[in-house]
Amino acid sequence: MPPLGGDTEENMNLTVDFTKDIGRIKSMNGVGQPPFFNMDTRYFDFLSDANIPYSRLHDVNGLFGGYVYVDIPNIFRDFDTDVNDPASYDFAFTDVLVKGLIEHHCEPVYRLGVTIENHSRVKAYRIYPPKDFQKWAEICEHIVRHYNEGWADGFHFDIKYWEIWNEPDNHYNVCNNNMWLGTPEEYYDLYRTTSRHLRKCFGNSIKIGGYASCGFYYINLELPKGNEAFGTTDERGDWIKLARYFVDFFDGFIKIVSEEHLPFDFFSHHSYGSVEEDLNMQAYAEKRLEEAGLGDVEIHLNEWNTAPRSEERGTSKASAEATALMCAMQDTKMEMMCYYDARIGVSVYGGLFNPLTFEPFCTYYSFKAFGKLLKMGRQVECIKDSADGIYATAAANPEKSEKGVLIANIGEKQTVRTNLSGMTVYAIDEAHFFTPTELDPSELIMEKYQTYYIG
């Protein structure tokens, strides 16, 4: 085992009060599509072992059977058939997936829509607006009934979160759209129709939301002087124009939702930015929703990855940044996050598992560490006297005498002095996969991109 730490001149103090309850630990360690390989659910053990609370079902198993799972056209294969006839539906493959997740105590976040068509420049198949919005809403109704009310030889899983489409802002009339070949107004109408129908059918027994926004990158851009010149003089003009479109789409959506009092239990957005950028985007979402009278709506970052690059897969950097974001968002109004993603396979986004060995990368253990906090249930006070790259969250369960602290450094090397003497320090990095150490937690020398769990 390589040595941890060394001399450093930088230092900070971190003090934890395990008796001071400041709220519940939230579901920051959810994932996108699960480790589902060719109908094999045995890798779902990794989800239950890490106490992963949610898996969002979008782009599921696109490499192996992407045309049989989850998506509306995969379940309701002929749009002209009877919406009330169980024979019109094919739940077989999705049943295996959903049942496997439930058995591993991981609840699906069910995206009602279609998988991204990255080759739509050649030809698009399923990303057009449905030809009958009301019928599409009724198809969604029957999918909910199948999984929550036993319809069509179904189940009683009580799945809470039902998301209407994914990234309809990706990206009309800006560049090639690979998720929604319709106008913003057509999506708003689909949401209006479907949300009202599902609320009428199920009341508040389910949570309805969307729209899986592409994100608020625009607010982090250093914009050219005279912002009206998007796409003309600046070499980043196309990206700026696109990022601005994401914001405009969001403004149009929340205006209609607010004015028409549409069902809207959660707002979901996406980001592949840094920790700092994601915090800026979260603050923007909170502010805009509050201004629109929607301050009580849950916020989900249900597609994110701070290191979506092949050279960063399985690195200490990826693990520490993921830890930092989970800890940071715990202290915002964020209700749920789903990392993109937990697939087993070759993808720059699949950052939890080695695609060749199927074994976890160190980043997986960051999610497992947060899962330990989630299981304890209650966040406790954790005070830092500076915030230069150090992110931490502490939790406790007094009834079981459990307590733990998760801490990551994404800044420069520094010494962290704590009041955690006597606890065990577990290291998470490229060389340590939740490995117990002999380190003294009262004075931790943390390298850049080092993660520790103290418990």
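A: Of the 455 residues in the protein chain, 60% are buried (under 20% relative accessible area with a 1.4 Å probe, protein chains only; exposed is over 50%, partly exposed in between). This is a predicted model, in which local features need pLDDT of at least 70 and side-chain atom pairs pLDDT 80 or more, while totals for chains, interfaces and linings use all residues. Residues are numbered from 1 along each chain as its sequence is written, and side-chain values use heavy atoms, with hydrogens and water left out.

The protein chain has 9 helices and 17 strands, taken as DSSP runs numbered from the N terminus (helices H or I, at least four residues; strands E, at least two). Contacts are heavy atoms within 4.5 Å; of those in the protein chain with a separation of 6 or more, 74% join residues 24 or more positions apart. The C-alpha trace spans about 70 × 60 × 40 Å along its principal axes.

The residue in question is Asp71, in the loop between strand S3 (54-57) and helix H2 (72-75). Asp71 is buried, its relative accessible area being 2%. Leaving aside residues up to four places away in sequence, Asp71 touches Arg111, Gly113, Val114, Thr115 and Arg126. With Thr115 there is also a side-chain polar contact of 2.8 Å from Asp71. A polar contact here is a pair of N or O atoms within 3.5 Å; within protein, one must be able to donate a hydrogen and the other to accept it, and residues adjacent in sequence count only if both atoms are side-chain atoms.
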